[in-house]
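Hi,

Here is the structure I promised to pass on to you. Have a look at it first, and then read on for what turned up.

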Amino acid sequence: MTLAVCFGGLALCAFIVLLLYGRELRRMAVWLRMRDGRSNGRMATEMPGAGFTELARAVNNALDAAEAERQDAAAERRQLQRDLASLSHDIRTPLMGAAGYVSLAADEADEDRRAHYLGAARTRLQDMEGLLNSLFAYTQASDPDADLDMRPVAVVPVLATVLAGQFPAFEGRGWEPRVRFADESFTVEADEAALGRMVENLVSNALRYGAAAPSIVQEGRTLVFSNAVADPGALDVSRLFERFYRADAARVQSGAGLGLAVVKSLAAAQGIEATAALQGDVLSIALEFPV
């Protein structure tokens with residue numbers, strides 16, 4: 001056999017292999033192009049070799065990831081629809097109550113009773129305003145394009161401002177919050193307004209749902225808000241930071257269940273880890289600040 005014949009045979013073999021490889025790649029491309037996006041079909045290879053096997057595996061992994069994202073998005077849409085329905089009910093209730101009291105006031109000749117009805121209507125409108133304000137705060141906190149002014153912030157003055165603003169509420173309950181800082185000059189990298197909102201929501205949450213005065217303790221890079229709760233069995237700690245989540249015992253009170261969701265969103269935006277724990281009847285929410 002001459003050298004020319006050998007080279008000719010090798011060239012023919014190479015041509016056939018390239019032809020088969022090209023056909024397999026085109027088959028894979030057609031499969032991808034014609035694949036039903038709702039199908040669970042997997043790409044398979046009809047050619048031997050590690051290269052085609054690895055390509056099929058990579059394509060299938062990408063399809064799995066895309067399907068998981070699609071299912072997550074669908075679940076998120078369904079949850080959002082349920083949340084909006086719940087919020088719609090929560091807003092409609094005080095609105096209808098206010099309308100009812102206004103109607104009673106319009107037909108009431110007695111001045112004192114008319115004033116009572118109008119006061120009740122005003123209270124329900126304030127409840128509705130609180131719900132809308134909470135929703136607005138949540139949309140702001142969840143905005144991925146929001147600009148945060150990250151800079152060193154001393155925590156004690158921020159906390160002092162919040163506690164001073166809540167003094168009437170504490171006084172009305174006969175509570176005195178217990179505050180202990182291992183380092184009173186404790187400073188963190190944060191957006192001061194966002195940090196203030198987080199602290200405000202945590203203190204308000206303790207006032208609204210707590211059974212005793214809260215304690216606020218700083219150790220290292222952690223700030224912990226703790227307070228006893230009346231019905232710990234009603235709490236699902238794993239869901240505390242979900243938007244619109246309210247424990248069964250809290251549903252009799254006004255509120256949209258967005259306060260802690262705002263805390264979680266603002267914490268994530270600033271690289272702060274927010275966690276919750278329940279030990280006995282004491283609920284603790286911790287903010288772990290990055291170094």
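Let me start with helix α6, where Ala194, Leu195, Gly196, Met198, Val199, Asn201, Leu202, Val203, Asn205, Ala206 and Leu207 are buried. Please keep in mind that this is a predicted model.

Helix α4 covers residues 155–165, and its buried residues are Val155, Val158, Leu159, Val162 and Leu163. Viewed down the axis of α4, these buried residues fall within an arc of 130°, so they line one face of the helix. As background, an α-helix has 3.6 residues a turn, so residues three or four places apart point the same way. Thr161, Ala164 and Gly165 sit on the other side of α4, where they are exposed.

Now to the strands. Which way do β2 and β4 run, parallel or antiparallel? Strand β2 (residues 178–181) and strand β4 (residues 215–219) pair in the parallel sense, over four bridges. Phenylalanine 181 has glutamine 218 in β4 as its bridge partner.

Strand β4 also pairs with strand β5 (residues 222–228): five bridges join them, and the two run antiparallel. Here valine 217 has valine 224 in β5 as its bridge partner. The hairpin of β4 and β5 has two residues between the strands, and glycine 220 takes a positive phi near 60° there.

Last comes the inside of the protein. How many cavities of 30 Å³ or more does a search of the whole structure find? The search finds one. The largest cavity has a volume of about 60 Å³, and its lining is made up of Leu202, Asn205, Ala206, Phe225, Asn227, Leu283 and Ile285. At least two residues of that lining come from each of α6, β5 and β7 (282–288). Helix α6 gives the most, with three residues. Leu202, Asn205 and Ala206, which are among the lining residues, are also among the buried residues of α6.

Best wishes

Notes:
Residues numbered from 1 in each chain as written. Predicted model: local features only at pLDDT ≥ 70, side-chain atom pairs only at ≥ 80, totals over all residues. Heavy atoms only, no water. Buried < 20%, exposed > 50% of the residue type's maximum accessible area, 1.4 Å probe, protein only. Arc of directions from axis to C-beta. Pairing = 2+ DSSP bridges. 1 Å grid on protein atoms, 1.4 Å probe; cavity = no way out; pocket = protein on both sides within 12 Å on 5 of 7 lines; lining within 4 Å. Points joined across faces, edges and corners; volume = space filled by probe spheres on them.
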